[in-house]
Amino acid sequence: MAQIDRDDRVGIMDDDEPVDIPPVLPLLPVRDIVVFNYMVVPLFVGRERSVRAVDAALAQDRLLLLATQRDAAVENPQPEEIFEVGTVAMILPMLKLPDGRAKLLVQGLARARIVAYLENKPFYKVKIEKIDEPPAQEPDLEIQALMRNVCEQGEKILEFRGELSGEVSAILQSIEDPARLADLAASNLRLKTEEAQALLETDHPIERLRRVNHLLSRELELSAMQAKIRSHAREEISKTQREYFLREEMRAIHKELGDMDDRTREIAEYKARISKAKMSRRAKKEVDKQLSRLEQMHPDSAEASIVRTYLDWMVELPWKRSTQDVLDIEKAKRVLDEDHYNLQKVKDRILEYLSVRKLNKQMKGPILCFVGPPGVGKTSLGKSIARAMNRRFFRISLGGVRDEAEIRGHRRTYVGALPGRILQGLKQCGTNNPVFMMDEVDKIGTDFRGDPAAALLEVLDPEQNTEFSDHYINLPFDLSRVLFITTANLADPIPSALRDRMEIIELTGYTQEEKLAIAQRFLVPRQLKDNGIAHVAVRFSPEAIRKIIAEYTLEAGLRNLEREIATVCRKIARRVAEGKKGPFLITRGNVHRFLGVAKFLPEPGQDEHEVGVASGLAWTQAGGEMLYVEAATMQGKGELTLTGQLGEVMQESAKAALSYARSHAKALGIRAGFYEEKDLHIHVPAGAIPKDGPSAGVTMATALVSALSGRPVRRDIAMTGEITLRGRVLPVGGVKDKALAALRAKVFKVIIPEQNQKDLAEIPSRVRRKLTFIPVRSMDEVLKHVLCPKPPKRSKAKGQVRS
């Protein structure tokens, strides 16, 4: 690599001794610089080809051609990437460096043009043609004026830069050759490579001098503007310093008179607020230090603004401020029952916490996580808990949060830095023991800015959050008195380390009876009030609400139910606004007039026992639902076809069911070798909805055995469970929701794995009384309950029954 050493000054060597220039010279490509005649410049040479060229020049007459690359970024330039016109230079002192590079000093002697490239390796050897300058003539008045103008402008530019000396001025005035003056001025101008190369390629000295004069005029304007800017900046600094000294004098005068200026008043206010904040000893020490710094700063400086913001945050944080907990258990129970129907498990947990808190004042706050589908009341439950305990409530949403600074805050070195959302929430609440709800904890993201879930580990750990450190305040803050509640739709996406720190409470979907009670007690009165018709005689019949639940919503929660009730109320409000009077009665028969045709129709049940069709139970985020599995056999070669957008787990369940049927064919009454001559097809409607999970293993096996054996499946029994190759039935989840789905479908017998009997306690007693649960261990027991005897065949000839 050959490049200019920016640490050395470019100079001109005054040496008129003629030098014989041979027609063939080594070529040294240089970047970011154009070397002119008489110019002395230091170069670093690092590329192997360039080092070889320097060695070849030193071995002969120390002459080489310096030509500039068109693109400085190219490491190994080709001939077409090098300008044709360059400068023949002589190598003066040279120094070999330990890393193989060379530092040399070169002086430009004459301009030359590359005629041909003779060799490319190990270095460029070129044939050149020297560009001779026209013989110097006695300059006329115009040329003398032009040369004087160039000299004066050059002196002014050097003066602006602070580089003008008597020696440099004498050199400029002593030059009488226009060509030499043009090269001298051009070599000291800060020109772009293209502009400098254009000057080098200008043959006529007078034309070159005119171009240099134009460039000097432009540079002079730029230098004058820079000097003006620097002068203005110095004046501003002087003005600021003068104002500072005047303010200090005024402060001293006010002090002598016993008055307080704005700055003194500000410091006194901060001291009073710091004393009132009752922060920890360590925090007070840091705040006193920052206040002392603020006293010594200029009040209008940027640093003073940063310190003020920090002090404001420190004095406004609730270090010791808290609300008094209401530990009346009966009152808390009454408040929770007023706001929410059922949810007994959650209410019991809150009342247990209050009971322990009543007996142990130093108890740390629990970390609860409500997991359940949308609309089941997770967030509103947090508000009720705060109201029952007489605490402030604050909520943040963590869905989509990807920056760790959202939790821990930004460091004060950043412009616009702020504490994290934890401390921001405590500041807004004004107490250090609020109910702090973090919604959508299962939807936290991760990217290059950090992992917010990892930052939450300290916040949600009772053993660590007593000294939670936010990056902004950089001091420990006690979060142990905060009651943290997180919410999630699913527990699986939550990182295991974070899930381990929380007590998970699952909120399953509501039954139809629970939705009816909630609608009558909460939703309908609220919508009547919100739509301004609370004074109007409006009545929803229970059957109308049941129809809205069954045919206009499909969810585990209540959001869509409330929307549909709101739609009915708006239509009634319009009628009232148009002058119509009540009463308005919404019944099962006129619901469609308000809401239109039904949006969801229940899955049609089976009218009779069928071969190859089994009734299963599945769990979705909208609750449980019936799942019908169909199996069919046809002539083929034993291929198994699965349709209905089945996930990997369901596909594996189907294969396990087939393997079970093949291994137990004789006991199941299936003809041996069926898999060699029949194809099997298993389909799960509806085909457009993706499905997955292990719960359908038993159902698939039942449908498959029914299709192969020709025995119908009872339509009045639903089933759920996972199957193994040996026919064992394994436990599954969501038993409560599946039982509710069976009840909605009017199927009153449900087969469940024996190990799921413990889950029956979570099913409401009124639901358990209506259903009969059949616990099973193996597929043999399942088939014993669900398969009907094989129907007798009828004779085609006489229509008689054959045994």
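Guide: One term before we start: contact means heavy atoms within 4.5 Å. Also, this is a predicted model.

Visitor: Okay. Which residues of α21 meet which residues of α23?
Guide: From α21 come Met650, Ser653, Ala654, Ala657, Leu658 and Ala661. Their partners in α23 are Gly697, Met700, Ala701, Leu704, Val705 and Leu708.

Visitor: How many of those are nonpolar, polar and charged in the contact of α21 with α23?
Guide: The contact has 10 nonpolar and two polar residues. It has no charged residues.

Visitor: What are the angle and the distance for α21 and α23?
Guide: The angle is about 45 degrees, and the axes are 9 Å apart. Helix α21 covers residues 648-663, and helix α23 covers residues 697-709.

Visitor: What do we call that arrangement of α21 and α23?
Guide: Oblique. Angles under 35 degrees count as roughly parallel, and 65 to 115 as roughly perpendicular. The pair packs at about 45 degrees, so α21 and α23 are oblique to each other.

Visitor: Is the crossing of α21 and α23 left-handed or right-handed?
Guide: It is right-handed.

Visitor: Staying there, where is serine 659?
Guide: Serine 659 sits in helix α21.

Visitor: How far is serine 659 from leucine 725?
Guide: In sequence, they are 66 residues apart. In space, the C-alpha atoms are 6.5 Å apart.

Visitor: New topic. How are α7 and α8 packed?
Guide: Helix α7 spans residues 262-277, and helix α8 spans residues 281-296. Their angle is about 180 degrees, with axes 11 Å apart. So α7 runs roughly antiparallel to α8.

Visitor: Which residues make that contact of α7 and α8?
Guide: On the α7 side, Arg263, Ile267, Tyr270, Lys271 and Ile274. On the α8 side, Lys284, Val287, Asp288, Leu291, Leu294, Glu295 and Gln296. By class, that is six nonpolar, one polar and five charged residues.

Visitor: What else does lysine 284 touch, beyond its close sequence neighbours?
Guide: Leave out the neighbours within four places in sequence, and lysine 284 is in contact with Ile274 and Met279. Lysine 284 belongs to helix α8. Its relative accessible area is 35%, so it is partly exposed.

Visitor: And how far is lysine 284 from phenylalanine 600?
Guide: Their C-alpha atoms are separated by 63 Å. Along the chain, the two are 316 residues apart.

Visitor: One more helix pair. What about α10 and α12?
Guide: Helix α10 is residues 329-339, and helix α12 is residues 378-389. They pack at about 150 degrees, with axes 9 Å apart. Over 145 degrees counts as roughly antiparallel, so α10 is roughly antiparallel to α12. The crossing is right-handed.

Visitor: Who meets whom between α10 and α12?
Guide: Ala332, Val335, Leu336, Glu338 and Asp339 in α10 meet Ser384, Ile385, Arg387 and Ala388 in α12. Those divide into five nonpolar, one polar and three charged.

Visitor: Which residues does a cis peptide bond join here?
Guide: Lysine 121 and proline 122, with omega about 0 degrees. Proline 122 is in the loop between β7 and β8.

Visitor: What is phi at aspartate 32?
Guide: It is positive, about 65 degrees, though aspartate 32 is not a glycine. Tyrosine 38 has a positive phi too, near 70 degrees.

Visitor: Where are aspartate 32 and tyrosine 38?
Guide: Aspartate 32 is in the loop between β3 and β4. Tyrosine 38 lies in the loop between β3 and β4. Aspartate 32 is partly exposed at 48% relative accessible area. Tyrosine 38 is partly exposed at 21%.

Visitor: Last one. How many disulfides?
Guide: Zero, taking a disulfide as cysteine sulfur atoms within 2.5 Å. Cysteine 151 is buried at 5% relative accessibility. Cysteine 569 is buried at 0%.

Technical notes. Residues are numbered from 1 along each chain as its sequence is written. This is a predicted model: local features need pLDDT of at least 70, side-chain atom pairs count only at pLDDT 80 or more; totals for chains, interfaces and linings use all residues. Side-chain values use heavy atoms; hydrogens and water are left out. Axes are lines fitted to C-alpha atoms, for helices over the stretch in contact, and angles run from 0 to 180 degrees between N-to-C directions. Helices (H or I, at least four residues) and strands (E, at least two) are DSSP runs, numbered from the N terminus. A crossing is left-handed if the near helix is turned anticlockwise from the far one by less than a right angle, and right-handed if clockwise. Ala, Val, Leu, Ile, Met, Phe, Trp, Tyr, Cys and Pro count as nonpolar, Asp, Glu, Lys and Arg as charged, and the others, Gly among them, as polar. Buried means under 20% relative accessible area, exposed over 50%, partly exposed in between (1.4 Å probe, protein chains only).
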